Amino acid sequence: MAKTIYWIHGGSCGGDTWSLFNADTPDFIELFDFLGLDLLWHQSLSVRSTDELQALNDKILSGEQQLDILCLEGSVIHGPNGSGRFDMLPAGPKKDLIQALAHKAQFVLAVGTCASFGGIGADSDIMASGLQFTKWEMGGLLGQGFRTLSGYPVINLPGCPCHCEVVVGTLSAVAADMPLDLGHYNTPTNWYGVMVHQGCTRNEYHEYRVEEKKFGERGCLFFYMGCHGPLVTGPCNKVLWNRRSSKTRVGVPCFGCTRPDFPQQYPFFQTRNIEGIPIELPDGVSRAHYMAYKGMAAAAAPKRLIKRKTGI
Amino acid sequence: MEKIRKVIPLNRVEGDLELHLEIEDNVVRDVRSVGTMYRGIENLMSGRGPMDSLVITPRICGICTTAHLNAAAKALDMAYGAEVPDNAQRLRNVTLMVEQLQNDIRHAVLLFMPDLTHATYAGQPLYGEAFRRYAVLKGETTLQTVKETKRLLEIIAILGGQWPHSSFMVPGGVVSVPAASDIIHCRHILRNFRKWYEDRILGCTLEVWGRIRSWDDVQAWLIAAPEHQNSDLGFFIRYGLDLGLAAMGQSHDTFISCGGPDLPARTEVVPEGDAHRFAPGGFYSARRTMEMDPRNISEDIACAFFKDDVPARHPYEGRTVPLDSEDDSQKYSWAKAPRYDGRPAETGPLADMVISGKPLFVEQVEQRGANVLLRQLARLVRPAMILPAVDQWLAEMAESRSPFYQDYSKRITSQGYGLVTAPRGFLGHWLTIENGLIANYQVITPTAWNASPRDSHGVRGPWEEAIVGTRISNVQHPLEVEHVVRSFDPCLVCTVHAMQIS
């Protein structure tokens with residue numbers, strides 16, 4: 001029997017849906033057919049009148065209509081002052097509908113960083129939260145102990161936006177009743193078990209500490225230009241964006257958008273450092289060893305890299 | 001007959017919109033356009049580093065992300081006195097316009113057309129074909145649109161890293177240094193898109209369409225070849241006329257545009273009008289186009305859920321102090337009311353066409369007034385106007401020795417603004433830097449203009465005005481009102497401001 005899926009927007013820019021439109025094999029349209037998913041509602045695409053949507057919601061909440069997969073893109077807005085009235089539906093604050101639907105779903109997917117952790121607006125008076133986290137803290141809308149009818153917590157798929165392959169892959173696993181291995185912050189290890197750094201075409205520069213201080217160059221952006229690639233997980237340089245590329249490959253530093261604190265409270269495009277070495281080091285690395293290694297790496301750097309003579 | 005009040009929340013618009021209608025005798029007598037969500041982005045900019053706007057403001061909207069990036073970068077260019085070298089200007093223009101191209105078709109096919117497949121129209125002779133082309137998730141044109149626009153966006157990924165949400169434009173140019181092979185790929189992708197657009201959407205070459213100057217020419221074009229009739233454009237014109245879309249959605253007939261992007265100093269692309277921009281900006285009213293001076297822009301909050309001592313402010317002085325939405329019954333929207341010289345104005349592809357003097361559209365606005373059919377027609381044919389320039393700039397990028405970035409000195413106290421034609425129309429960012437941090441950041445999006453609530457004089461916003469007078473066949477489902485609103489390509493995610501700091 002077809003599994004049902006309901007896609008709702010919270011405090012959203014719509015980016016996760018438009019990112020999903022980049023999907024290839026299956027593409028966004030083929031996705032539902034391939035996976036045997038019945039799309040009950042998508043805010044950007046469905047043709048249902050208000051009354052029809054209300055009737056659908058009533059059926060889900062009464063149990064008459066099974067809801068297998070609930071996807072939220074965008075944050076849960078609690079402001080002002082916990083009332084949720086900064087994001088209203090005719091029936092009341094949207095967060096109330098999201099909460100009610102989540103309790104009826106077999107699986108709940110937080111698509112994107114805003115739905116996972118609050119994201120844009122988590123530090124402002126709109127009091128944005130994720131479904132089960134508010135930035136680093138567990139809780140969010142549904143509370144630390146929340147489990148869906150399938151026994152999973154909220155499955156977080158961060159990224160700003162979420163990469164289309166993550167959504168397609170996760171939906172594929174759920175649709176086929178395959179287990180999902182969840183790692184840190186309840187993100188699937190399939191896509192969040194690799195650092196953004198792995199696969200960046202500037203890796204050779206990184207290896208020999210050939211680091212840029214201004215834009216328009218080909219070297220590494222970690223030491224001075226704020227790149228989070230070595231610090232955060234995400235599939236960007238493994239799976240690539242739009243079949244071809246990634247930010248770091250073209251010279252845009254990674255902004256750490258899969259991390260619970262995105263957007264960070266300190267300036268982008270710069271790396272905070274002590275004695276010329278970044279304050280934030282890759283997970284598990286000792287500073288003393290790192291300084292020694294980077295010192296030797298810089299000394300070993302070949303001229304062709306120092307002169308930026310490669311074609312990358 | 002009694003007045004009926006109906007609240008319809010709309011989907012298939014970016015974001016959240018409600019229309020509160022007053023209907024009598026099946027005609028809409030009054031309407032309030034209500035942005036129902038507040039995300040507070042302007043306010044969370046304050047106190048941040050100025051370059052953070054390049055990361056945060058694209059997140060205002062998932063579909064116009066590059067346009068926001070461009071506006072933010074331009075505001076920083078101005079604030080820092082940074083110059084943008086030719087190749088950077090070309091790259092910025094290419095990516096901005098590629099975003100426009102995909103949005104024009106995606107909106108028309110995925111967001112607007114499904115309404116025309118509603119069962120209400122099942123009795124129409126062309127209904128079956130509309131369903132075959134545009135049924136949600138199934139239509140022939142729908143499936144092709146998803147594939148072709150997705151391919152086109154690879155250009156932005158090649159040149160800028162990814163789409164949506166990259167930050168490859170910076171003050172002084174762009175960060176990217178594309179190789180000749182990258183640019184060749186982009187041109188192949190563009191050529192592919194152009195071929196599909198000409199074959200499927202337009203039904204003729206760009207040159208043939210470029211010769212159309214009047215409605216008579218359109219009629220002649222329709223019958224000149226079966227490919228013209230049967231293209232999506234030809235079909236839309238015929239079906240739209242059958243459904244009466246040309247008689248729906250008349251508004252104030254005032255328009256605003258900031259024109260096409262800035263030209264590189266050396267280029268073979270021929271501008272229309274103003275020599276520094278690809279297309280001129282302006283403000284059109286009463287059959288005249290005037291120069292558009294951004295100092296005449298203000299945002300009125302009389303009917304918006306914000307508080308202030310004065311009814312309207314220029315964006316440099318703008319502030320976003322939200323009210324609890326139940327405080328004042330005169331106020332009804334999270335969208336402010338942008339005004340030019342105190343007047344509402346419509347923006348979007350139609351505004352761009354009228355202000356750049358495209359004869360067909362000027363003629364139609366003067367004869368029939370802006371309407372649903374005309375707005376969508378402008379959107380469907382805009383790619384024809386910009387595709388050649390995009391390819392030309394790609395070619396020039398490959399040949400030119402110009403750098404892609406030029407250094408500058410940061411100023412710690414400064415102001416700047418960036419005006420860009422986003423897919424939906426006129427977008428502006430206004431930035432004030434004090435002591436090296438953002439002191440104020442205001443954004444006026446195209447949908448803010450179009451979705452505007454009333455102002456302190458009680459004058460309705462453009463689509464409010466367009467909805468009043470619409471005849472509805474079924475009060476339980478005011479489909480005609482949906483046509484009117486969607487013809488503006490609404491994006492409410494951008495339009496409701498975020499605010500607050502301190």
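# Chain B in questions

Trainee: Which residues does R132(B) touch, not counting residues up to four places away in sequence?
Mentor: Two residues touch, or are in contact, if their C-beta atoms, placed from the backbone, lie within 7 Å. Leaving out residues up to four places away in sequence, R132(B) touches G139(B) and E140(B).

Trainee: What kind of model is this?
Mentor: Residues are numbered from 1 along each chain as its sequence is written, while chains are lettered from A and ligands numbered from 1 in the order in which they are written. Local features need pLDDT of at least 70, side-chain atom pairs count only at pLDDT 80 or more, and totals for chains, interfaces and linings use all residues, as this model is predicted.

Trainee: Which helix holds R132(B)?
Mentor: Helices (H or I, at least four residues) and strands (E, at least two) are DSSP runs, numbered from the N terminus. R132(B) has its place in residues 127–134 of chain B, which form helix α5.

Trainee: Is R132(B) buried, partly exposed or exposed?
Mentor: A residue is buried if 20 or more other C-beta atoms, placed from the backbone, lie within 10 Å of its own, exposed if 12 or fewer, and partly exposed in between. R132(B) has 13 within 10 Å, so R132(B) is partly exposed.

Trainee: Where does D253(B) lie, and which residues does D253(B) touch?
Mentor: D253(B) sits in the loop between α12 (232–242) and β6 (255–257) of chain B. Its 18 C-beta neighbours inside 10 Å make D253(B) partly exposed. Not counting residues up to four places away in sequence, D253(B) touches V365(B), G369(B) and A370(B).

Trainee: How do α4(B) and α15(B) run, roughly parallel or roughly antiparallel?
Mentor: Helix α4 (residues 86–112) and helix α15 (residues 372–399) of chain B pack at about 155 degrees, with axes 9 Å apart. Axes are lines fitted to C-alpha atoms, for helices over the stretch in contact, and angles run from 0 to 180 degrees between N-to-C directions. Under 35 degrees counts as roughly parallel, over 145 as roughly antiparallel, 65 to 115 as roughly perpendicular and the rest as oblique. That makes α4(B) and α15(B) roughly antiparallel.

Trainee: Which strands of chain B stand at the edges of the sheet?
Mentor: Three strands form an open, antiparallel sheet in the order β12-β13-β14 of chain B. Two strands pair if DSSP finds at least two bridges between them. One side of each edge strand is left without a neighbour in the sheet, because each has a single partner strand: these are β12 (414–422) and β14 (437–444) of chain B.

Trainee: How many bridges join β13(B) to β14(B)?
Mentor: β13(B) and β14(B) form a hairpin with two residues between them, and N435(B) in the turn has a positive phi of about 50 degrees. In β14(B), I444(B) is the bridge partner of G428(B). β13 spans residues 425–434 of chain B, runs antiparallel to β14(B), and the bridges joining the two number seven.

Trainee: How many of the eight residues of β14(B) are buried?
Mentor: β14(B) is an edge strand with a single partner. Still, β14(B) is largely enclosed by the rest of the structure, because the number of its eight residues that are buried is six.
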